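Here are some notes to read alongside the model. Have the 3D view open and click through the residues as you go.

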Amino acid sequence: MIRWLAAFALLLVAVPAAAQGGEVINLWPGAMPGGGRPAGPEKIGNEGAATGSVSNVTVPRMVVVRPENPNGAAVLVIGGGGYFRIQIGSAAMPTAQWLAERGVTAFVLYYRLPGDGWNADAPFQDGQRAMRLLRGNWKTLGIDPKRIGVLGFSAGGHLAGTLATRGGDAFYPPADAVDQVSAVPDFAALIYPVISMRAPIDTTRTARELKVLPNYRDAFSVEAHVGSATPPIFLAHAADDPIAAPEHSLRLHAAMLAAKRPVELHLFEAGGHSFALGKRGTTTTAWPRLFLAWARSHGWVPAQGD
């Protein structure tokens with residue numbers, strides 16, 4: 001145990017300037033699984049839809065956003081971007097800060113991207129490793145190992161959903177003792193997620209990046225892997241989403257109901273895609289409050305003044 005804590009301490013190190021926040025946890029103590037590597041240094045987008053997004057991730061890691069008054073709950077926050085960039089500045093980091101204001105310790109995931117030249121299953125390797133680091137080091141991090149959730153947007157919702165349904169699968173060979181710990185979150189919130197690789201909604205950039213993987217249509221359609229042990233899931237989607245059709249969330253909702261697993265779905269009239277904490281002028285601004293009420297109803301987040 002002492003040896004593992006020492007190894008974990010080595011992961012708390014400085015990383016490239018693209019990191020937003022202070023405390024950083026590197027995911028891998030040495031060589032990373034898989035192959036490939038991006039050309040060039042890490043980048044932050046500064047134009048259009050790419051503003052605030054990160055690409056060319058070379059050091060997969062978590063940035064910790066700590067609350068002033070932590071309540072023990074923890075959430076791994078995963079930005080989207082079609083597995084070719086990560087919406088950190090516009091979605092993941094603001095959501096982490098919103099969670100921290102409510103006592104939740106948030107961990108923003110910077111994961112390797114197939115679109116940058118990494119192996120196509122790199123996001124799932126990094127996601128699993130992140131969950132295991134959180135649960136395996138709960139004392140050091142000051143969190144409750146039974147109240148660790150994941151919240152993902154778009155492709156990040158696909159990664160979060162994969163952790164919820166396939167977190168127990170072997171996406172990489174064990175690197176050290178922490179890889180014996182469960183990578184399945186206690187709950188998952190998927191916001192305008194990409195869920196299915198199956199027709200006719202297999203038109204996303206996310207699906208295109210994963211099609212090189214064996215049997216990707218079945219293996220990486222989240223709805224196909226819902227079972228009796230799938231944790232509770234919260235879903236929020238806009239009916240007019242032009243990127244990830246609402247059918248993505250509807251398919252997962254139906255699969256959860258069929259498996260008799262707890263699920264809550266909010267389908268908003270308008271809001272499009274990438275509405276993050278909510279698009280002004282639409283009812284999508286309600287999803288954070290609805291998610292918090294749902295999390296409190298299950299006992300993962302204690303009630304407090306907002």
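1. Let's start with Thr282, which counts as buried because its relative accessibility is 17%, and the cut-off for buried is under 20%. Keep in mind that this is a predicted model. You'll find Thr282 in the loop between strand S11 (263–268) and helix H9 (287–297).

2. What does the side chain of Thr282 reach? It goes to the backbone oxygen of Lys279, at 2.8 Å. Leaving aside residues up to four places away in sequence, Thr282 touches Ala270 and Gly271.

3. Now hop over to Asn56, in the loop between S3 and strand S4 (61–65). Is Asn56 buried or exposed? Its relative accessible area is 6%, so Asn56 is buried.

4. If you skip residues up to four places away in sequence, it touches Pro38, Ala39, Gly40, Pro41, Glu42, Lys43 and Asp116. Two of these names come back when you look at polar atoms: the side chain of Asn56 reaches the backbone oxygen of Ala39 at 2.8 Å, and a polar atom of that side chain lies 3.2 Å from the backbone oxygen of Pro41.

5. Here's a distance you can check in the viewer. Asn56 and Leu163 are 107 residues apart in sequence, and their C-alpha atoms are 23 Å apart in space.

6. Strand S3 (residues 53–55) also belongs to a sheet. That sheet is open, has three strands in the order S2-S3-S6, and pairs in antiparallel fashion. Its edge strands are S2 (43–44) and S6 (86–87), each pairing on one side only. Between S2 and S3 there are two bridges, and Ile44 stands opposite Val54 in S3.

7. Next, find strand S9 (residues 187–191). How many of its residues are buried? Five of its five are, so to speak, under cover. In a regular strand, side chains alternate between the two faces of the sheet. With that in mind, look at both sides of S9: Phe187, Ala189 and Ile191 are buried on one side, and Ala188 and Leu190 are buried on the other.

8. Which strands does S9 pair with? Strand S8 (residues 148–153) runs parallel to S9 and is joined to it by five bridges; Gly152 has Leu190 as its bridge partner in S9. Strand S10 (residues 233–238) is parallel to S9 too, with four bridges between them, and here Ala188 stands opposite Ile233.

9. Trace the chain through S8, helix H5 (residues 155–166) and S9: together they make a right-handed β-α-β unit.

10. Finally, colour the aromatic residues. The whole structure has 16 aromatic pairs. One aromatic cluster is formed by Phe153, Phe187, Tyr192, Phe234, Phe275, Trp287, Phe291, Trp294 and Trp300.

11. Arg205 lies over the face of Phe84, 3.9 Å from the ring centre. Arg166 lies over the face of Phe220, at 5.1 Å from the ring centre.

Notes. Residues are numbered from 1 along each chain as its sequence is written. This is a predicted model: local features need pLDDT of at least 70, side-chain atom pairs count only at pLDDT 80 or more; totals for chains, interfaces and linings use all residues. Side-chain values use heavy atoms; hydrogens and water are left out. Buried means under 20% relative accessible area, exposed over 50%, partly exposed in between (1.4 Å probe, protein chains only). Two strands pair if DSSP finds at least two bridges between them. A crossover is right-handed if, with the strands pointing away from the viewer, the path from the first strand over the helix to the second runs clockwise. Rings of Phe, Tyr and Trp (its six-membered ring) pair if their centres lie within 6.5 Å; planes under 30 degrees apart count as stacked, over 60 as edge-to-face and the rest as tilted. A charge sits over a ring if NZ of Lys or CZ of Arg is within 6 Å of the ring centre and within 35 degrees of the ring normal. A polar contact is a pair of N or O atoms within 3.5 Å; within protein, one must be able to donate a hydrogen and the other to accept it, and residues adjacent in sequence count only if both atoms are side-chain atoms. Contact means heavy atoms within 4.5 Å.
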